Number of protein chains: 2
Amino acid sequence: MAVAKAVDDLTKALRRLPGVGPKTAQRFVFQLLARDRKGASDIANALHNAVESVRHCNQCNNFSESPVCNICNSPARDRSQICVVETPADLNSFEEAGVYRGLYFVLMGKISPMDGIGPDDLNIDELLEVLQTNPVNEVILAMNITLEGDATADYLSELIAERGLKITRLARGLPLGGELEYMDKGTLIEAFHRRVPT
Amino acid sequence: MAVAKAVDDLTKALRRLPGVGPKTAQRFVFQLLARDRKGASDIANALHNAVESVRHCNQCNNFSESPVCNICNSPARDRSQICVVETPADLNSFEEAGVYRGLYFVLMGKISPMDGIGPDDLNIDELLEVLQTNPVNEVILAMNITLEGDATADYLSELIAERGLKITRLARGLPLGGELEYMDKGTLIEAFHRRVPT
């Protein structure tokens, strides 16, 4: 291509972001180099800094700059509950909802044979050790309601069941604001089968 | 938020990319820090490098690492034609199509009152100087077929007309593979009004 090599290199590098194809990468490069060079430097510095300083919490496996993260360190959290989630984003959603005061464990993924991710690629040994060393009496399997999420929850459920702990999963049914007319068939079937007495 | 500060900083920085909201930024951060730290470093280095080394070509205003870019420097290009485009991506599209052997001028934007971009924010003085100092006899106004693109072409056309140069624009009509049944009304109207004798 006839364009500057540094521009080509940057376009190629940005394509490593998930879901970013050649056209989007080109748009990012144009924005950063023609309109927002300060933004380009800020992103570069934030990346360098994160790569240098972000590790995983020894206990919950979430991103953390200290060996043990703020949540695991907090005396205010209930140590008898562990909520297992797929990603840090899922953990953030719970924290923003403010519904939960126990501890977490972040798998950093889900069982997904299509992507070549099996149980060994998740941090399940660490999870089992957390269950061993803490006064846990409930494990909440808060996977996404997807094929892979369900498979991951099934796998963990079987593994943890041997330890005699209470295992729960998030409720399934109609979301708030859900209108029957527009609901997908699968959700409607689940909501019907799981109907509860009033 | 309870998560590591470096993660928050990176998420915020990535939101400066066009079209990237909080959820997408979070997904980028997860991918880079949990799965592809090499990618994170590569992007950071490519950004630093591009910010350091990429300037604008003195003649065509495209991104360039040298004062004058490869295209403007090439003896193989026809100096009697200047194709004016909005962005480097548009220039790349022409180069990939291989249809054009003249020179370019890259405006690095378009007139867009909604975004506060007027004629003074484009590099029109530079364009006029290029027209002054080169043996140009045709200016091709290759703006996008959008409201802003048309406004920009109209503005340039009026400005350049005073110089007695031949001014052309890209043809409008049905794209290859265009099926009338699925074509938008505006395109169909243009194609009809601009119909040509066979």
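I call a residue buried under 20% relative accessible area, exposed over 50% and partly exposed in between, using a 1.4 Å probe and protein chains only. Helices are DSSP runs of H or I with at least four residues, strands are E runs of at least two, and both are numbered from the N terminus.

Ground rules before I start. This is a predicted model, where local features need pLDDT of at least 70 and side-chain atom pairs count only at pLDDT 80 or more, while totals for chains, interfaces and linings use all residues. Residues are numbered from 1 along each chain as its sequence is written, chains are lettered from A and ligands numbered from 1 in the order in which they are written, and side-chain values use heavy atoms, with hydrogens and water left out.

**Entry: α5(B)**

I looked up helix α5 (residues 88–97) of chain B and found P88(B), D90(B), L91(B), N92(B) and F94(B) buried. Their cover includes α2 (22–35) of chain A, plus β2 (63–64), α4 (70–73), β3 (78–85) and β4 (102–106) of chain B; contact here means heavy atoms within 4.5 Å. After α5(B) comes G98(B), with a positive phi near 65°.

**Entry: N62(B)**

Is N62(B) buried or exposed? It is buried, at a relative accessible area of 3%. I find N62(B) in the loop between β1 (55–56) and β2 of chain B. Leaving out residues up to four places away in sequence, N62(B) touches V3(A), R55(B), H56(B), C57(B), P88(B), L91(B), V106(B) and M108(B). P88(B) and L91(B) were on my buried list for α5(B) too.

**Entry: α1(B) against α2(B)**

I checked helix α1 (residues 5–14) and helix α2 (residues 22–35), both of chain B: their axes come within 9 Å and cross at roughly 125°. Axes are lines fitted to C-alpha atoms, for helices over the stretch in contact, and angles run from 0 to 180 degrees between N-to-C directions. The pair is therefore oblique (under 35 degrees is roughly parallel, over 145 roughly antiparallel, 65 to 115 roughly perpendicular, the rest oblique). From α1(B), the contact uses V7(B), L10(B), T11(B) and L14(B); from α2(B), A25(B), Q26(B), F28(B), V29(B) and L33(B).

Seven of the ten residues in α1(B) are buried, so I note the helix as mostly covered. Among them are A6(B), D8(B) and A13(B). The cover includes α3 (37–53) and β2 (63–64) of chain A as well as α2 of chain B.

**Entry: α6(B) against α7(B)**

Helix α6 (residues 124–133) and helix α7 (residues 147–161) of chain B pack at about 40°, with axes 12 Å apart. That makes α6(B) oblique to α7(B). I124(B), L127(B), L128(B) and L131(B) of α6(B) meet Y155(B), L156(B), L159(B) and I160(B) of α7(B).

**Entry: N137(B)**

N137(B) sits in the loop between α6 and β5 (138–141) of chain B. I log N137(B) as partly exposed, at 46% relative accessibility. Not counting residues up to four places away in sequence, N137(B) touches S80(B), L165(B) and K166(B).

**Last entry: L47(B)**

Which residues does L47(B) contact, leaving aside neighbours within four places in sequence? I get L10(A), L32(A), A40(A), I43(A), A44(A) and L47(A).
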